[in-house]
Amino acid sequence: MEIKKVGVLGCGLMGSGIAQTAATAGFETIVREVSGELCEKGLGGIEKSLGKFAEKGTITADQQKEIRARLTSTTSLDDLADCDIIIEAIIENLETKRETYAQLDKICKPETIFASNTSSISITEMMTATSSERQQRFIGLHFFNPVPLMKLVEVVRTVLTDEALYEQAIEFGKQLGKVTVRATDRSGFIVNRLLVPYMLDAIRALEEGVGNIVDIDNAMKLGLNYPMGPFTLGDFVGLDTTYYIAEIMFNEYREKRFAPPPLLKRMVLAGLYGRKSGRGFYDYTKDARNPTPMNLV
Ligand code: 3HC
C-alpha cells in the first residue's frame, strides 16, 4: 500500500511541525485537535513557520500556497478514517493514548499504519490497545523539536512489527526529508536514552556547585560545538516534559542516572517549565532573546 494521506493527531508544537513536514513533502495531510480553537492555533503556527521559509527563499510563494492547500484540520476522529498513516502527537499520557488508539482502530481502514511520536512511553503498551492485526502495523516515529528544522526521525519497531511495514516506515521517513535511524522499543529509544542522563547530570553538577548555569551552558555549547547548553536546551524542551520523560525512564530501567534530581522536581512543582512558562533555568519574561539566569541554588 502506498502512503498518500497522512493523519496527524494533535496540533501542538510537535503535531503542527509533523503536519507541516508531511504537507511540505507533498502528502495530503489532515490534523485533528480537540477544539476548533486549538486547530486554528496549530495551523497559525504552521503558517508562521512556512512564512519564515518563504522569506528566506527556502520555498517559493507558490510552494507556500500549495503546502497550505494540502493541509486541513478537524475535531473529529472519524475524519481520519481513510488516512494511510496516523502519526500521533497528543498529550504524553498512556491512558489517553490507549483510549484514542482503541477508538481509531475501529474507525480507520485495516491497512492504516499507526505511529506514535512519544518520546518515552512504551510503543508496545499503546499497541496492545488495538486489534492483533493492527499491532503488526504499529510503530514509533519520534521527531525532534523544531520538527521542520531537525533532520532526524527515530523509527521504532516492537517485537510484533511486520518487517515489510517497518521498511516502508523507514522509506516514509526519508520521503519526509528526514534522516532515519532504526531503534527498538526501549524507553527513550536512542536519543533520549543518551540525552536525558546528560541533562540530569548537568542539574546535579549545578546543585553540587561545579559551575553556575551560564558557565555550565557555555562549557557544553562552546567546548563541544553543541547548538545549546544543557539548561538552555532543558528550557527549550520544557522542564515538565524533561521531568516526565526522566520519571518514565527511571521506572523502566531503575537506574539512578535516569532519576530526576530534587531541583528539577521543585522547579516543575513551582511552575518553572522553561520558555513556555516564561521562566526555567533562565528568565525570559523581560527579554526572551537575552534571558537572565535564575537564582536557584
Ligand atoms: N520554522 C521555520 N524556521 C524556524 C523555526 C521554525 N519552526 N524555528 C526557528 N527557525 C529559524 C529562525 O527563524 C532562524 O532563521 P534566521 O537564521 O533566518 O534568523 C533560524 O531558524 C535559526 O533560529 P534562531 O536564530 O532562533 O536560533 P538558532 O540559530 O539557535 O537555531 C535551533 C534554533 C534550530 C532550535 C537551534 O538552536 C538548535 O538546533 N537547537 C537544538 C535543538 C534540539 O536539540 N532539539 C531537540 C530537542 S530534544 C527533542 O525534541 C526530543 C524530545 O523527545 C524531548
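Reply: Ala81 is partly exposed, with a relative accessibility of 26% (buried is under 20% relative accessible area, exposed is over 50%, and partly exposed is in between, using a 1.4 Å probe and protein chains only). This is a predicted model, where local features need pLDDT of at least 70 and side-chain atom pairs count only at pLDDT 80 or more, while totals for chains, interfaces and linings use all residues. Numbering starts from 1 along each chain as its sequence is written, and side-chain values use heavy atoms, with hydrogens and water left out.

Back to Ala81, then. You'll find Ala81 in the loop that links strand E3 (71–74) to strand E4 (85–88) (helices are DSSP runs of H or I with at least four residues, strands are E runs with at least two, numbered from the N terminus). Skip the neighbours within four places in sequence, and Ala81 is in contact with Ile107, Cys108, Lys109 and Thr112 (contact means heavy atoms within 4.5 Å). Thr29 sits 52 residues away from Ala81 along the chain, and their C-alpha atoms are 13 Å apart.

Ser119 counts as buried because its relative accessibility is 10%. Beyond four places in sequence, Ser119 touches Glu92, His142, Gly188, Phe189, Asn192 and Ile245.

Most residues other than glycine have a negative phi, and most peptide bonds are trans. Asn145 and Pro146, though, are joined by a cis peptide bond with omega at about 0 degrees, and Pro146 lies in the loop from strand E6 (138–143) to strand E7 (152–157). Asn225 isn't a glycine, yet has a positive phi of about 60 degrees. Asn225 falls in the loop between helix H9 (213–224) and helix H10 (230–237), and at 72% relative accessible area Asn225 is exposed. Arg254 also has a positive phi, near 50 degrees, without being a glycine. Arg254 is in the loop between helix H11 (239–253) and H12, and is exposed too, with a relative accessible area of 64%.

That brings us to H12 (residues 262–269), which packs against helix H8 (residues 191–207) at an angle of about 100 degrees, with the axes 8 Å apart (axes are lines fitted to C-alpha atoms, for helices over the stretch in contact, and angles run from 0 to 180 degrees between N-to-C directions). So H8 is roughly perpendicular to H12 (under 35 degrees is roughly parallel, over 145 roughly antiparallel, 65 to 115 roughly perpendicular, and the rest oblique). From H8, Leu200, Ile203, Leu206 and Glu207 meet Pro262, Leu263 and Leu264 of H12. By class, this H8 contact with H12 has 6 nonpolar, no polar and 1 charged residues (Ala, Val, Leu, Ile, Met, Phe, Trp, Tyr, Cys and Pro are nonpolar; Asp, Glu, Lys and Arg are charged; the others, Gly among them, are polar).

Zooming out, the protein has 12 helices and 10 strands. The C-alpha trace spans about 55 × 45 × 35 Å along its principal axes. Of its 297 residues, 48% are buried. Among contacts with a separation of 6 or more, 68% come from residues 24 or more positions apart.
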